[in-house]
Amino acid sequence: MKTIFDTVSYSCSKIVTTSYSTSFSLASRMLADSIRQDIYNIYGFVRFADEIVDSFHDYDKATLFTDFEQEMYKAIDQKISLNPILNSFQHTVHKYGIEAELYEAFMKSMRLDLSKTTYLTDQEYKEYIYGSADVVGLMCLKVFVNGDQEKYDALKQSAMHLGSAFQKVNFLRDLKADFEDLSRTYFPNTDLSRLDEVSKQKIIADIEYDFKKGYEGIAQLPVEAKFGVHTAYIYYKKLLNKLKDTPSVEIKNTRIRVPNYQKFGLLAKSYFDCRINTI
């Protein structure tokens, strides 16, 4: 029975989420049962694509990525895939009417990571951010609003800003690995080999603007999603504040983290804020 296979597929997507990201899986557990699995399904898909371009250095990454992309299209077209991650993803795509433009833009940005290492202009940078982060937020938003197009349109811009903020924080946190291990420079007009406080604060100011605009939409989210999204928001804000307080030379030489005990403290704060309706 296909229902058994689907259940196994969903379990695989959940395992990918919990295995690769403690912070995202923690925030996901704060979502309502009715939407949590679909967020796992989206995360599993984007994580696998990202892993191909970031981690599989001993293999032909371009071929692996092309194969994965072709299987993605087949899964969506045929409404089934023997790849359990893609089988889960196609289910969510059809359930909420996720437009092809969103996952195609994501795959376009991921493909850039196979060869492009430097983003020299703001336009290039924004296009990469849109594909690698904004559209992921928009796919999740489709789930959060249960496919309601009017609500989706009203919250679209704030969801994109929040996705941008999360991604830019990741870039700053992972600066050492991206620059030294993968030879990537995402921030335009910034010499990461000589990152100073002025450049760092400029990057942080840009991220803080995205957080401000993204926060405006959290209050308008359905109750099923608000707690989980707010949990992710305060986690990334905490991480940004740690980066803000860390000298630029240390950011270049280490990876800043939020300890697990602080994550659970942030979870408690998010729960309290949601319960007393201060969001």
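Select Ser-88 to begin: this residue sits in helix α5, which spans residues 84-96 (helices are DSSP runs of H or I with at least four residues, numbered from the N terminus). The model is a predicted one, in which local features need pLDDT of at least 70, side-chain atom pairs count only at pLDDT 80 or more, and totals for chains, interfaces and linings use all residues. Residues are numbered from 1 along each chain as its sequence is written, and side-chain values use heavy atoms, with hydrogens and water left out.

Ser-88 is buried, at 0% relative accessibility (buried means under 20% relative accessible area, exposed over 50%, partly exposed in between, with a 1.4 Å probe and protein chains only). Next, display its contacts, defined as heavy atoms within 4.5 Å. Leaving aside residues up to four places away in sequence, Ser-88 touches Ser-9, Tyr-10, Ser-13 and Asn-41.

Ala-32 is partly exposed, its relative accessible area being 21%.

Then select Met-1, in the segment before α1 (2-20). With a relative accessible area of 78%, Met-1 is exposed.

Finally, show the whole protein. It contains 13 helices and 0 strands. Of its 279 residues, 52% are buried. Among contacts with a separation of 6 or more, 72% join residues 24 or more positions apart.

How values were computed. Helices (H or I, at least four residues) and strands (E, at least two) are DSSP runs, numbered from the N terminus.
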